[in-house]
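Please examine the sequence and the three-dimensional structure shown below. The report that follows describes selected features in turn.

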Amino acid sequence: MKLKLIISLGLSLVVASLMAQRITVLDRSDLQPIHQVSITNQGHSLLIVTDGSGIADISDFGNSDTLYFSHVAFQPYSIAKTKVTGSDNRIYLTEHVIRLDEFVISANRNQERKSDLPYKIETISAKEIQFENPQTSAQMLEQTGEVFVQQSQMGGGSPVLRGLEANRVLLILDGVRLNNAIYRGGHLQSVITVDPSLLGSTEILFGPGSVIYGSDALGGVVSMQTFDPVLSTDKKVLVHGHAYGRFASANLEKTGGFRINIGLKKWGFLTAFTYSDFGDLRQGRSRNPFYGSFGERPYYAERINGKDSMMVNDKPWIQKQSGYSQYSLLQKVLFAPNQDMNFTLNIQYSNSSDIPRYDRLTDTVNSNLKYAEWYYGPQERLFASLKASLSNANVLYDDATILFAYQRNKEERVNRRFGKTERKFNFETIDVLSLDGDFRKRLAAKDELQYGISGDFNLVGSSAYREDINTGSLFYDIPTRYPDKKGEMFKIAAYLSNNWKISPVFTFSQGIRYTYVLLSAAWSDTMMNIMQFPFSQSVNQSSHAVNGYLGWVVHPGYNWNISLIGSSGFRAPNIDDIGKVNDSNSQDQLLIVPNPALKPEYAYNLELTLAKTFEKSVRIELTGYYTWLIDAIVLRPFQYNGQDSVWFDGVLCQVEANTNAGQAFIYGVQGSFRAQLTRTFSITSNLTYTYGRVKENNVPLDHIPPIFGMTSFKLELKKFKGDFYLMYNGWKRISEYSPSGEDNQSYATPLGMPAWYTLNLKLSYQINKFMNLEGGVENILDQNYRKFASGISSPGRNFILALRASF
């Protein structure tokens, strides 16, 4: 009996001793495990890394060793090994606002150290998204303080990068282009179809990215990556998940969702779903009396007993008929037959309710509402891809990615004039097939070659009809938005780039890409008769472009970083550019007509970045750039059958079309300041200034935002995080608005769009390892404001409450 007791006691001591050698590294603010934390000793004779559960075995370190913990996103930490057990075998790390060794993938579609790249790149982590609680991906981008976002309605958000917007900014999702043949040049709301709660990370690359990504990447690239399945590292089934619910007061938001991961040794499954319901948006009530009732909603349309009526809004600060709902589904399956290859099946589906086009619903004619109805039908997006990732190094590559994808998008526009019984419908479908191959080969220890090929095919369908809402009769005698007989676009390209770290001081990178584009469009006899187009019934275009870049990164010492890059980009006209029929802004009585003679536009960019880090705790960065646009595509007055104005929809409209306007230029400055003042307190500030002109007549270029930025003060303690921040915009004077109409002068004050600022507070408390409570107040002072070029006023004081559970 005594022997058994002694053996049992001995085994217990052994197990306890072994357990004492295992530590868990956790995030101080949310108690979540940190993956890939490097742990070494004072002589760096031993290095281990935490696993996916934040666990590491430190038994190989000597009892006299001091352990040093480091991670790119966290502040370094050290502790004597003998004191680890006194900390309950748990090590808590605090985030660092300066991340010098961060890795990014957007520059060359492969993981690279950010400090070795000449581009300006902003990253947004899943943790930051969760803490900030953006309602849409557009708001997620805006909260960085480095991306301006325009809004025509609450169910929208059009990001602007360096004064370029819509189809001049490339959106990437899981490595696949979202830009398609009907991405328009005005204000584009497509980014909101991607729910931010499904994103594991987002990267924003500023400036032309056409060498790696091809057409459209003139202002930059927004690369979004959804969560990936995680495999089990042992024989046990790995199951973890996340669920949340959120309420926001400004639009009575009710959002909920879940994400669950099941990991086996070779198979991984990830399923996620979110649903959001947004009521009518409340604008701020603290007004500048100089602007009177600007932005208020005094009336709205309602149909009563078969008659349209203008109803008095007894709460004009409530923007009636702005609400909508949306849901998103994500399913991924990962198969890893061995360590050299894996395959990922990625299926996504998102849809929405009808989304009111709020700006149009506020248009008036002789003090009467112009529209009784104007809304986008459900925005439906289907996305499916199959990706093969290979790391079986051979003579051709060290690693490779092959990505095949299919997308189908549906768009619907519905409008009816006030007092009329005729409701008009425009339907568009777009099917996209794409194939990308990206390869990387190490030429030497510090010399890497990336190369790849890509191709995509776009098929556009467009139809239109009108309905008598009293009789239900349908009439197919109105113009379609796009060519209704045929709309096709095909692109094929190949690229080559190289990143050569010549020395610890100097890195040289360069790249070149060739792209060939075919476009084919045709209108039916019906459309030709309706519109009397002054050109042939079909259009066939081909174009090609060679783009390149040269970049230098210098680390001269004393914690200075200097980068210089010269790059070019291009955008081939798409179906929207050459073939659209649209009354662009009924308030201004403009009609946009097709222009089959349109040519590609080109961008040439030069930028310089200077950055200085002080004592690893303060970093100041300044980027200046100048972009030349050649054959810039802009809206300009146009002759249509020899006339500059035509009757359309009962209104005499000035005719405009997309034209190549010769040359334009944009220059600007982006500055950032980051300071980790103490282990728990940090400051971040970003500021962007942009200026653009069309050289012909020196008129303002459209989409150029006013000066804007953000300043944030963060406090991070154990289980707690707080962020008090300011968002601010300068004046946009009416004289600085583009004459094209794209800047929406009719939705501004007579003097332009006033400057504004908001004070905001976000808080997070980790109740335990499984439960997190988040809250916040946006626009604390309830300021009334509207963003430049927007047709809806921004939210007033907004209280946010969210509860999250993880397991």
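Strand S2 (residues 38-40) and strand S5 (residues 66-71) run antiparallel and are joined by three bridges. Strands, like helices, are DSSP runs numbered from the N terminus, with at least two residues (E) for a strand and at least four (H or I) for a helix. Within this pairing, serine 38 has serine 70 of S5 as its bridge partner. The model is a predicted one, in which local features need pLDDT of at least 70 and side-chain atom pairs count only at pLDDT 80 or more, while totals for chains, interfaces and linings use all residues. Residues are numbered from 1 along each chain as its sequence is written, and side-chain values use heavy atoms, with hydrogens and water left out.

The two strands belong to an open sheet of four strands, arranged in the order S3-S2-S5-S6 with antiparallel pairing. Two strands count as paired if DSSP finds at least two bridges between them. At the edges stand strand S3 (47-49) and strand S6 (74-80); each has a single partner strand, so one side of each is left without a neighbour in the sheet. On average, neighbouring strands of this sheet are turned by 20° against each other, direction ignored. Such angles are taken between axes, which are lines fitted to C-alpha atoms (for helices over the stretch in contact), on a scale from 0 to 180 degrees between N-to-C directions.

The next topic is charge pairing. Side chains of opposite charge can pair when their charged atoms come close. A salt bridge is counted here when a side-chain nitrogen of Lys or Arg lies within 4 Å of a carboxyl oxygen of Asp or Glu. By this rule the model has 44 salt bridges. Three of them are listed below.

| Salt bridge | N to O distance |
|---|---|
| Glutamate 132 and lysine 762 | 3.3 Å |
| Arginine 246 and glutamate 253 | 2.8 Å |
| Lysine 762 and glutamate 778 | 3.2 Å |

Lysine 762 lies in strand S54 and glutamate 778 in strand S55 (residues 771-778), so this pair ties together parts that are 16 residues apart in sequence. Are glutamate 132 and lysine 762 buried or exposed? Both are buried, a term for under 20% relative accessible area, whereas exposed means over 50% and partly exposed lies in between (1.4 Å probe, protein chains only). Arginine 246 and glutamate 253 are also both buried, and glutamate 778 is buried together with lysine 762. Elsewhere, a network of salt bridges links Arg303, Asp308, Glu373, Arg416, Arg423 and Glu467.

Aspartate 216, in the loop between helix H4 (210-213) and strand S17 (220-226), has a positive phi near 90° although it is not glycine. With 6% relative accessibility, aspartate 216 counts as buried. Lysine 719, also not a glycine, has a positive phi of about 75°. It lies in the loop between strand S50 (708-717) and strand S51 (720-729), and its relative accessible area of 26% makes lysine 719 partly exposed.
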